[in-house]
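My notes follow in the order I made them.

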Amino acid sequence: MKGFVRSDQLFSLCGLNCGLCTMRLGGYCPGCGGGEGNQSCAIARCSLDHGGVEYCFQCGEFPCGRYENEDVYDSFITHRNRLRDLERARQSGVEVYQAEQRERCEILRVLLEGYNDGRRKTLFSLAANLLELEDLREILERLTGEASGLPERAGRAAALCKEAAARRGVDLRLRKPPGKSGK
């Protein structure tokens, strides 16, 4: 959107963790306010109309009607925790939340570079988004030093992510509208 520029490309205005998105990681999305290719966004327009807030929680009307109902479906990234993550960033401070996001991005990078057999990108992205940091750290610790081929490493990493998700009651699948396949 013309005139809408942001410095934080890891955490969006509306609460999406863009630094953990497969589209952004693949270079297909510049993120909100990220320059050329930036898509039109009603929330970006709303930000401009409300003084150019960097995050929705900085607006005097937050949480507004846009957050009344949890997003039912996901896009390329999970929308499940947008409001919760905005609240965490507001309460802990943006700098603290950004440090957590950088750690999540690093964990995701390690998973993608060392354990992705070409079929795990979405799973690892969802795990980095939805699991607790302590779970992600434990997964990496358990994977460290395992010598095997890529298919075995990928399977082990995926199994550990799914085990951690099961313990937390987290579904590591994108929520798609009926009629659209979502593995």
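I looked up Val72 and found it in the loop between α2 (42-49) and α3 (82-92). Helices here are DSSP runs of H or I with at least four residues, numbered from the N terminus. This is a predicted model, where local features need pLDDT of at least 70, side-chain atom pairs count only at pLDDT 80 or more, and totals for chains, interfaces and linings use all residues. Residues are numbered from 1 along each chain as its sequence is written, and side-chain values use heavy atoms, with hydrogens and water left out.

Is Val72 buried or exposed? Val72 counts as exposed because its relative accessibility is 54%; the cut-offs are over 50% for exposed, under 20% for buried and partly exposed in between, with a 1.4 Å probe and protein chains only. I also noted that the C-alpha atoms of Val72 and Thr122 are separated by 18 Å, at 50 residues apart along the chain.

Next I turned to α6. I listed its buried residues as Leu133, Asp135, Leu136, Ile139, Leu140 and Leu143. Down the helix axis they fall within an arc of 160°, so they line one face of α6; the arc is that of the directions from the helix axis to the C-beta atoms. Glu134 and Glu141 are exposed on the other side. The cover over the buried residues includes α4, α5 and α7. Just after α6, I found Gly145 with a positive phi of about 85°.

Last, I checked Leu111. Leaving aside neighbours within four places in sequence, Leu111 is in contact (heavy atoms within 4.5 Å) with Asn116, Phe124, Leu140, Leu143 and Ala157.

How values were computed:
Helices (H or I, at least four residues) and strands (E, at least two) are DSSP runs, numbered from the N terminus.
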